[in-house]
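Visitor: I have a structure open and would like to go through it with someone. Can we take it piece by piece?

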Amino acid sequence: MSAKLDKLCQNLRDVLGQRIGSLGVDRGEVTLVVAAADYLEVATTLRDHPDLCFEQLMDLCGVDYGAYGEVAYSATNPAGTPRFAAVSHLLSLTHNWRLRLRVFAPDDGFPVVDSLVDVWNGVNWFEREAFDLYGIMFSGHPDLRRILTDYGFVGHPFRKDFPVFGHVEMRYDPAQQRVVYQPVTIEPREVTPRIVREDNYGKVDDRG
């Protein structure tokens with residue numbers, strides 16, 4: 001571990017103490033996992049404490065660990081591995097270091113974590129995207145609604161159990177001058193890759 005990463009980890013331990021669920025370094029990147037109950041308070045501390053100074057949130061995404069089985073960094077949920085997480089990538093311009101912040105939603109059936117809009121307001125659309133694609137709710141978000149799928153869309157397409165083939169499709173109807181839904185017109189099929197070989201492939205050469 002580099003001296004900079006070692007200092008960052010030590011600062012995190014000193015400042016956050018028992019609020020750290022787990023702290024790890026892999027491939028030169030630091031990952032901090034916190035419990036959902038501490039998420040908002042920890043995020044505010046990460047931004048405001050002079051030894052950390054993560055002024056900027058670069059990205060937030062949802063994750064569905066449903067198909068992974070045992071999940072790393074599960075110390076925040078000793079009773080079992082939770083399925084859904086929100087993962088933020090933070091940047092400190094003051095100290096020139098980065099941090100991955102992960103929080104697991106305690107309830108797989110209705111995943112909810114606090115919104116970070118009041119900490120980093122640029123997270124607004126990122127949280128809407130995580131809600132749209134994974135169904136993660138962000139408590140306190142000022143305008144939590146779909147951002148990529150249609151308003152009438154059912155389900156969350158990045159979940160691991162989302163069906164590969166749907167039952168309806170959407171098109172614009174010029175007669176009605178609006179978007180309409182109709183049954184899927186394309187039959188599901190197994191796609192087999194086409195293999196192209198030379199004309200004499202596999203033939204035995206009788207010469208010499």
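Predicted model: local features only at pLDDT ≥ 70, side-chain atom pairs only at ≥ 80, totals over all residues.

Visitor: Helices, then. At what angle do the axes of helix 1 and helix 2 cross?

Guide: Helix 1 covers residues 3-16 and helix 2 covers residues 39-48; their axes cross at roughly 125 degrees and come within 11 Å. That makes helix 1 oblique to helix 2.

Visitor: Why give both an angle and a distance?

Guide: Because two packed helices are described by the angle between their axes and the distance between those axes.

Visitor: Is the crossing of helix 1 and helix 2 left-handed or right-handed?

Guide: The crossing of these two helices is right-handed.

Visitor: New topic. How many salt bridges does the structure hold?

Guide: There are nine salt bridges. One of them pairs the side chains of R19 and E41, at 3.1 Å from N to O.

Visitor: Where do R19 and E41 lie?

Guide: R19 is in the loop between helix 1 and strand 1 (22-26), while E41 is in helix 2, so the pair ties together parts that are 22 residues apart in sequence.

Visitor: And is R19 buried or exposed?

Guide: R19 is buried, since its relative accessible area is 18% and the cut-off for buried is under 20%.

Visitor: Which residue does R27 meet in a salt bridge?

Guide: R27 meets D26, with 2.7 Å from N to O. R27 is exposed, with a relative accessible area of 76%, whereas D26 is partly exposed at 40%.

Visitor: What about R145?

Guide: The side chain of R145 forms a salt bridge with that of D143, at 2.9 Å from N to O. R145 is partly exposed, at 35% relative accessible area, and D143 also counts as partly exposed, at 31%.

Visitor: Which residues do salt bridges with shared partners join into one network?

Guide: D64, R83 and D161 are joined that way.

Visitor: Last thing, the surface. Which residues make the nonpolar patch?

Guide: V168, M170, Y172, V179 and Y181 make a nonpolar surface patch of about 520 Å².

Visitor: Which strand gives the most to it?

Guide: Strand 8 gives the most, with three residues. Strand 8 (168-173) and strand 9 (178-183) each supply at least two residues of the patch.

Visitor: How accessible is M170?

Guide: M170, which sits in strand 8, counts as partly exposed because its relative accessibility is 47%.

Technical notes
Residues numbered from 1 in each chain as written. Heavy atoms only, no water. Patch = residues over 30% accessible without salt bridge, like charges linked within 9 Å, V, L, I, M, F, W, Y side chains within 5 Å. Areas by Shrake-Rupley, 256 points an atom, 1.4 Å probe, with all protein chains shown as cover. Salt bridge = Lys/Arg side-chain N within 4 Å of Asp/Glu carboxyl O. Helix = DSSP H or I, 4+ residues; strand = E, 2+ residues; numbered from the N terminus. Buried < 20%, exposed > 50% of the residue type's maximum accessible area, 1.4 Å probe, protein only. Axes fitted to C-alpha atoms, helices over the stretch in contact; angles between N-to-C directions. Parallel < 35°, antiparallel > 145°, perpendicular 65-115°, else oblique. Left-handed = near helix turned anticlockwise from the far one by under 90°.
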